[in-house]
Amino acid sequence: MASAFSRRSFLAQGALAAGAALSARAQETPAASPTAASETPANKIRLAVIGTNGRGAALATSFTKQSGAEVIWICDVDDQAAAKGVQAVVSAGGKQPRSGRDLRRVLDDQDVDAVVIATPDHWHAPAAILAC
């Protein structure tokens, strides 16, 4: 029996689940000292944004504004797009992230907890497979 669950539905529901998990993680605060404890590196999800020429720069800005997230990498094959992503993070109040052109270098970094893939459509799957 064929499933009516399409690839598009799977991706949409996966994105919603990831967003809900990130949101829940960002809202967790220890009882002792919520402000100081939430600022510790252990309480932040360190993100890499891959692809920043369009939607990626906006996503980098949004994640930078989340208290439980820190954008530590911007990756794009276009140097101008990467610079735009770095500027988006800095303008949103984040620390200057590292930047590069090769997503494999980003994925090899043990400091990266999660990736945001905002590449052109034909690069979504290869980037996700490599990230896994």
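The structure is a predicted model, in which local features need pLDDT of at least 70, side-chain atom pairs count only at pLDDT 80 or more, and totals for chains, interfaces and linings use all residues. Residues are numbered from 1 along each chain as its sequence is written, and side-chain values use heavy atoms, with hydrogens and water left out.

**Overall chain**
- The protein chain has six helices and four strands, taken as DSSP runs (helices H or I, at least four residues; strands E, at least two) numbered from the N terminus.
- From the N terminus on, the order of elements is α-α-β-α-β-α-β-α-β-α.
- Of the 132 residues in the protein chain, 32% count as buried, that is, under 20% relative accessible area with a 1.4 Å probe, protein chains only.

**Thr64**
- Thr64 belongs to helix α3 (residues 55–64).
- Thr64 counts as buried because its relative accessibility is 13%.
- The Thr64 side chain reaches the backbone oxygen of Ala60 at 2.7 Å.
- Apart from neighbours within four places in sequence, Thr64 is in contact with Ala69, Val71, Val89, Ala92, Gly93 and Gly94, where contact means heavy atoms within 4.5 Å.

**Packing of α3 and α4**
- Helix α4 (residues 79–91) packs with α3 at an angle of about 25 degrees, the axes being 8 Å apart; axes are lines fitted to C-alpha atoms over the stretch in contact, and angles run from 0 to 180 degrees between N-to-C directions.
- The two helices, α3 and α4, are therefore roughly parallel to each other, a term for angles under 35 degrees.
- Ala57, Ala60, Thr61 and Thr64 of α3 make the contact with Lys84, Ala88 and Val89 of α4.

Note on methods: Buried < 20%, exposed > 50% of the residue type's maximum accessible area, 1.4 Å probe, protein only. Polar contact = N/O pair within 3.5 Å; in protein donor to acceptor, adjacent residues only side chain to side chain. Parallel < 35°, antiparallel > 145°, perpendicular 65-115°, else oblique.
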